[in-house]
Amino acid sequence: MNEFEWRRQLRDLRQPLAPRRDLWTSIDALLEDAERTQEPVPPHSHEPRRRRLLAAVGLAASLLLAAGIGWRAWQHPTAAPATERLQAGAHWKPADPRFAGAAIELDAARMELQLALQQAPDSPALQRLLGRTEQQQTQLRQLGRQAG
Amino acid sequence: MSPASAGANDSDDVRAAAAGDRQAFQRLYRLHVGRVHGAVCRLAGYDHARAEDLTQDAFIRAWQKLPGFRHESAFGTWLYRLAVNVALMDIRARGADPVSTLDDEHLPDTGQTPFCAAEREELERAIARLPPRARAVLVLHDIEGWRHEEIGGELGMATGTSKAQLHRARGLLRKILGESS
């Protein structure tokens, strides 16, 4: 069994599942109790602060990454084409939802290979894998166009 | 009616429930409980008793937060995200399997373990055996179809850490399936 087939099996697990008992009775009772005692909604005051902190950290990390890539491209001009290819074919979203999972997987695989190639630009194995992944992406796009 | 087709039809119930109509909320519960419980159950490692508690908690929180629901997304999507967040908070609260301590020495050698066909129940049992954080990343990415950026945001980890966790989880899963086959 190949990896894509294996991952398809995992995606097939995404199905609705009914609880073994009806939860509504206890939910209703809890809501009734809360209403009777006028229990206030628990505060979530830390959540916005945490999100703001995460956003700031994320922005700082993105800036560092961009600076690093820029520095590397300036130091090693041969690494630039990989970066350009990284951005060129990124994030194709098929109109047909049946292809969405495969598109995401291939996109992620391609980006990981391109990042790896920036570390080892002369690796024939990585180049071969990247070529094969891009070929599969092209085939998927064709299938997507045919499906309409 | 499936939750997907319910989007346009449940907005009256959403508004009524937000105004305090418990019967409208019950209809929303009936419509969406399957999708919500399915995701929560997978994240809880098919521990049905815990998943039922978490699903119940998710609906209580949804009721409390409904007056603030802005209709910017479908109610089903909002509820699903809220429920996933409840399940992830439970994982965080248990403090298990911290993401910062990936132990490479204990990583299975995934290169030597082939992908193997597995029955659905076998696959579910194998997922249940994964460490909670790694399982959360695998469930969200490989089953629920989330992107690493979204997973990182919800779990408070870097995108790269999410990718590393996914690699680890897939390796462990292959190893578990290899053992049981």
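Two residues are in contact when heavy atoms lie within 4.5 Å. By that criterion, B:H37 touches A:L17, A:A18, A:P19, B:A51, B:E52 and B:T55, with residues up to four places away in sequence left out. The structure is a predicted model, in which local features need pLDDT of at least 70 and side-chain atom pairs count only at pLDDT 80 or more, while totals for chains, interfaces and linings use all residues. Residues are numbered from 1 along each chain as its sequence is written, chains are lettered from A and ligands numbered from 1 in the order in which they are written, and side-chain values use heavy atoms, without hydrogens and water.

**Architecture of chain B**

- Chain B contains 9 helices and 0 strands, where helices (H or I, at least four residues) and strands (E, at least two) are DSSP runs numbered from the N terminus.
- Of the 181 residues in chain B, 54% are buried; buried means under 20% relative accessible area, exposed over 50%, and partly exposed in between, with a 1.4 Å probe and protein chains only.
- Among the contacts in chain B with a separation of 6 or more, 70% join residues 24 or more positions apart.
- Chain B exposes about 8,000 Å², of which carbon and sulfur atoms supply 47%; accessible areas come from the Shrake-Rupley method with a 1.4 Å probe.

- Helix α5 (residues 75–94) of chain B has 20 residues and spans 29 Å from its first C-alpha to its last, close to the 28 Å expected at 1.5 Å a residue; the expected span is 1.5 Å times one less than the number of residues.
- Because 14 of its 20 residues are buried, α5(B) is largely enclosed by the rest of the structure.
- Just after α5(B), B:G95 adopts a positive phi of about 60 degrees.
- The largest nonpolar core has 62 residues, and those with the most contacts inside it are A:L10, B:F25, B:I127 and B:L173. Helix α5(B) gives the most to this core, with 11 residues. A nonpolar core is a set of buried Ala, Val, Leu, Ile, Met, Phe, Trp, Tyr and Cys residues joined through side-chain atoms within 4.5 Å.
- Beyond residues up to four places away in sequence, B:L173 touches A:W6, A:L10, B:A126, B:I127, B:L130 and B:L138.

- B:H37 lies in helix α3 of chain B and is buried, with a relative accessible area of 1%.
- B:C41 is also placed in helix α3 (residues 22–43) and is buried, at 0% relative accessible area.
- Leaving out residues up to four places away in sequence, B:C41 touches A:L17, B:Y46, B:D47, B:H48 and B:A51.
- B:Y46 lies in the loop between α3 and α4 of chain B and is buried at 16% relative accessible area; its phi is near 60 degrees, a positive value in a residue other than glycine.
- B:H71, in the loop between α4 and α5 of chain B, has a positive phi near 60 degrees and counts as partly exposed at 34% relative accessibility.
- Most residues other than glycine have a negative phi.

**Interface between chains A and B**

- In this interface, 39 residues of chain A are in contact with 48 residues of chain B.
- The two chains, A and B, bury about 4,100 Å² between them, 57% of it on carbon and sulfur atoms. A:W6, A:L13 and A:W24 supply 19% of the area that chain A buries against chain B, more than any other three residues. Buried area is the accessible area (1.4 Å probe) that two parts lose on being put together, summed over both.

**Salt bridges**

- A:D22 pairs with B:R30, the closest N and O atoms being 3.0 Å apart.
- A:R14 forms a salt bridge with B:E144 at 3.6 Å between the closest N and O atoms. A:R14 is partly exposed at 39% relative accessibility, whereas B:E144 is buried at 4%.
- A:R110 and A:D107 meet in a salt bridge (2.6 Å, N to O), and both lie in helix α5 (residues 100–119) of chain A, 3 residues apart.
- A network of salt bridges links A:D28, A:E32, A:E35 and B:R22.

How values were computed:
A salt bridge is a side-chain nitrogen of Lys or Arg within 4 Å of a carboxyl oxygen of Asp or Glu.
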